[in-house]
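The sequence and structure are shown first.

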Amino acid sequence: MSDKPYSLKNTESGAEFELQRRTGTVGPSVLDISSLYGKQGVFTYDLGFGSTAGCSSAITYIDGEQGVLMYRGYPIEQLAEQSTFIEVAFLLLYGELPTESELNAFDESIRTHTMLHESFLRFFNGFHHDAHPMAMVSGVVACMSAFYHDTTDIQDSADRDVFSHRIMAKIPTIAAAAYKHSLGQPFVYPKNELDYCSNLLNMFFSVPAQSGSYEVDPVSAEALNLLFVLHADHEQNCSTSTVRLAGSSGTNPYSAISAGISALWGPAHGGANEAVINMLEEIGNAKNINKYIARAKDKNDSFRLMGFGHRVYKNHDPRATIIRQMCHRVLEKLDQGEDTPLFELALELEQIALKDSYFIEKNLYPNVDFYSGIIYQALGIPKAMFTVMFAIARTVGWAAQWREMVRDPESRIGRPRQLYIGRAQRDYQPIADR
Ligand code: CMC
């Protein structure tokens, strides 16, 4: 990993000093600044971590300029075309594509860890029916450590495996329980004979009183599988960094994942898929697009074009390209030729924004969330559940990143410093003198 050092000069003292440069497989090298404070007595300052690598990782690679995304070296386009979410999950967790027997064993393990402890289900009764599902899901995932504390020795590789399989297998069951609670319907138990996405759809949409009334539509399951592949991991984004930071203290992994779910919820991150549909509904009609584009460009207006822009992608988000194609196919098949006004509106909005100098100059392109909500909506999933769907898929990425961090001998507790801008030392004043 080491490369030739990088020389810097302190212009005040004239002293030169060296920082170690480290080079990865592909992508920019990094300067190891861990000795900077000790040598020079200064911290670095990088709001939003735009120039900071927080770890070394062998899981996911993004080239934002070229619009490239790879899991373990495999381009996302190839995985989207040829793989399944279960296979991708194995790849992310274990580093290689599975053999047939490895895949079967992994699939079997996930299918047989889907049930929740019955007492666990009682948590949902404590929530008001209109609680946001992300609030329920992040809350109950944190509670998993109270149920599965027998296998949270983070130094034990078997425990780490059990945790990874459990969280991945149970997160759809938890999501479905949150959804059923919001409807006031009875919870539907998982069915081990169904594949991951079909099982999820069945738990969401079947109703115990109407036996046989719901059959999983293979097009829906396929669409969900693709969305999950695309959302499975995304390098050191806000929620993944949150999982790593929380996990770096040695806390149990369920708590770390719960922290990640909370971070994902925000509209600048995973909450954007819900915000996009809200925005499209508010725009309502193509004739209003220019008004909203003007608002997005107005510095004095807090409105942003949701589903547009990305910290890393400055050319295109490859996931958005794949989802846009999927939208055409899914809407055609699921809506059987009916009008799809929100999709039409989204396509028109994209075309207008992409020709606008503001969006061109700032490299703002549709991101993964611009179109994902349209597919979720076509599958019958309500808006409030969109970010939960993102969380289900990303759980495997969080687990993979957490496992990598725990095993990395260089890992330390995450503990950033600050530029202090408060008052310098002063003396306490008795209340009568203030
Ligand atoms: N609409 C209008 N202007 C925008 C937008 C937008 N969606 N995104 C960025 N800008 C402008 C922003 O005002 C700023 O302008 P200026 O330089 O004049 O101040 C410039 O572009 C750079 O924006 P930034 O906020 O400094 O960029 P960032 O890298 O910190 O933020 C972002 C990235 C994704 C948070 C932001 O583009 C955004 O808020 N987009 C809308 C929310 C969204 O779609 N989020 C989903 C991200 S993809 C899913 C995921 O992986 O989380």
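The sections below treat fold and dimensions, surface and charge, and the nonpolar core.

## Fold and dimensions

The model is predicted. Its secondary structure consists of 18 helices and six strands. The radius of gyration is 24 Å, close to the 22 Å that the globule rule gives for 434 residues, so the protein is as compact as a globular protein of that length. The C-alpha trace spans about 80 × 65 × 60 Å along its principal axes.

Contacts between residues at least 6 apart in sequence join, in 71% of cases, residues at least 24 apart.

## Surface and charge

The protein has an accessible surface of about 22,000 Å², and carbon and sulfur atoms account for 50% of that area. Of the 434 residues, 46% are buried.

Charged side chains comprise 38 positive and 51 negative ones. The centres of these two sets lie 8 Å apart.

In soluble globular proteins, nonpolar side chains tend to be buried together. Here, the largest nonpolar core contains 119 residues, and the members touching the most others are Tyr196, Phe228, Leu280 and Leu305. Helix H18, covering residues 386–407, gives the most to this core, with 14 residues.

The surroundings of Phe228 illustrate the packing in detail. Leaving aside residues up to four places away in sequence, Phe228 touches Phe85, Tyr196, Cys197, Leu200, Tyr376, Met389, Ile392 and Ala393. One of these partners, Tyr196, is itself among the core residues that touch the most other members. Met389, Ile392 and Ala393 lie within the residue range of helix H18.

How values were computed:
Residues are numbered from 1 along each chain as its sequence is written. This is a predicted model: local features need pLDDT of at least 70, side-chain atom pairs count only at pLDDT 80 or more; totals for chains, interfaces and linings use all residues. Side-chain values use heavy atoms; hydrogens and water are left out. Helices (H or I, at least four residues) and strands (E, at least two) are DSSP runs, numbered from the N terminus. The radius of gyration is taken over C-alpha atoms; the globule rule is 2.2 Å times the number of residues to the power 0.38. Buried means under 20% relative accessible area, exposed over 50%, partly exposed in between (1.4 Å probe, protein chains only). Contact means heavy atoms within 4.5 Å. Accessible areas come from the Shrake-Rupley method with a 1.4 Å probe; for residues, only the protein chains shown count as cover. Lys and Arg count as positive and Asp and Glu as negative; His and the chain ends are not counted. The place of a charge is taken as NZ of Lys, CZ of Arg, CG of Asp or CD of Glu. A nonpolar core is a set of buried Ala, Val, Leu, Ile, Met, Phe, Trp, Tyr and Cys residues joined through side-chain atoms within 4.5 Å.
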